[in-house]
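The sequence and model come next.

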Amino acid sequence: MDLDVFVSAHRAEWDRLEALLRRQRRLTGAEADELVALYQRTATHLSLIQSSAPDPQLTGRLTHLVARARSAVTGTRRASWRDVTRFLAHGFPAAVYRSRHWWVPTALLSTALAAVIGWWIATHPEVQSSIAAPSELRELTRPSGEYESYYSSHPAASFAAQVWTNNAQAAAMCLVLGAFLCFPVLWILFQNMLNLGVGIGLMSSAGRLDTFLGLVLPHGLLELTAVFVAAGTGLRLGWTVIDPGPRTRRTALAEEGRAALGMAIGLALVLFVSGAIEGFVTPSGLPTWARITIGIAAELAFLAYVYVLGGRAARAGETGDLDRTDRSASAPTAA
């Protein structure tokens, strides 16, 4: 395609579209119809230029022009409570459900890793001595020691807020850093499992593993599930960069990235619940069986939410991405 000839043939249409956009609030009916027709035509021109004779300056102008025209034609839609309801009832659980082939294996392998680390530390005194001095280990693991007092060291509300903030940041980092070929996600996940494994190993060596699990399980089931979901989704996002499938890499990354950002919001809500349990239930005077029952109930409720609501929404075509009408228009590929 001769770019100069093409520009000469269509410049008048682009200029006319720009003029209509400048006065779009005062258009007659005929002019509004003309604006729509010019928008469609210009989108076609942009597609042809991008595929046949890409020119950065011209492409930039037409991209901006098409975006303005689309906004004028479709209007600006404001978010409403209906969007929030749709996200919580369909978008978020469907996105988690669609990622289950990533986060379920991540959860199983990570839990196994924490168990192996815990066993290794518990059965090797030389490893324990490399972690801290014997007096420090006794202070950590004794009744009312640091492992136990940690959960009641601050007022419940402020402690829950602190826990929620830290966990939400870790989950967001897993989701966002997944685009960097998965490696940062694996490191964050390993650090979490290492901390858990050290606690299991040290408390087990002191004969107090039941106490440790009684403190961790009430909030840890839901909290770790949220971390595993974030890590699995981050790994999926990283794999999308490596293998986008039938979509272009840019399109695949945009779609999966938007769904991942939505999941960050949903997981922040899940972690808020686990933080509240950690702040108010874990250090409470409830018997261990009651605290663990609350944790199991919260975990089962989340899994039912994902597999029932999310599975139903996913089978209906929900992906967790923006609604089709809110996505950028795909430029046609033929005149």
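At what angle do the axes of α11 and helix α12 cross?

## Helices α11 and α12

In this predicted model, the answer is roughly 170°. Helix α12 spans residues 249-281, and its axis comes within 9 Å of that of α11. Angles over 145 degrees count as roughly antiparallel, so α11 and α12 are roughly antiparallel to each other.

Sorted by class, the residues in the contact of α11 with α12 are 17 nonpolar, five polar and five charged.

## Helices α10 and α11

On to another pair: helix α10 (residues 183-205) packs against helix α11 (residues 209-242) at an angle of about 170°, and the two axes are 11 Å apart. That angle makes α10 roughly antiparallel to α11.

If you want to inspect this contact, the α10 side includes Val-185, Leu-186, Leu-189, Met-193 and Ile-200. They belong to a group that meets α11 residues, among them Phe-212, Val-216, Leu-224, Phe-228 and Leu-235. Gly-199 in α10 and Gly-234 in α11 also take part in the contact. By class, the contact of α10 with α11 has 15 nonpolar and four polar residues, with no charged ones.

## A positive phi at Ser-144

Now for a backbone detail. Most residues other than glycine have a negative phi. Ser-144, however, has a positive phi, near 65°. Where is Ser-144 found? Ser-144 sits in the loop between α7 (134-141) and α8 (146-149).

Is Ser-144 buried or exposed? With a relative accessible area of 51%, Ser-144 is exposed, because the cut-off for that class is over 50%.

Note on methods
Residues numbered from 1 in each chain as written. Predicted model: local features only at pLDDT ≥ 70, side-chain atom pairs only at ≥ 80, totals over all residues. Heavy atoms only, no water. Axes fitted to C-alpha atoms, helices over the stretch in contact; angles between N-to-C directions. Helix = DSSP H or I, 4+ residues; strand = E, 2+ residues; numbered from the N terminus. Parallel < 35°, antiparallel > 145°, perpendicular 65-115°, else oblique. Contact = heavy atoms within 4.5 Å. Nonpolar A, V, L, I, M, F, W, Y, C, P; charged D, E, K, R; others polar. Buried < 20%, exposed > 50% of the residue type's maximum accessible area, 1.4 Å probe, protein only.
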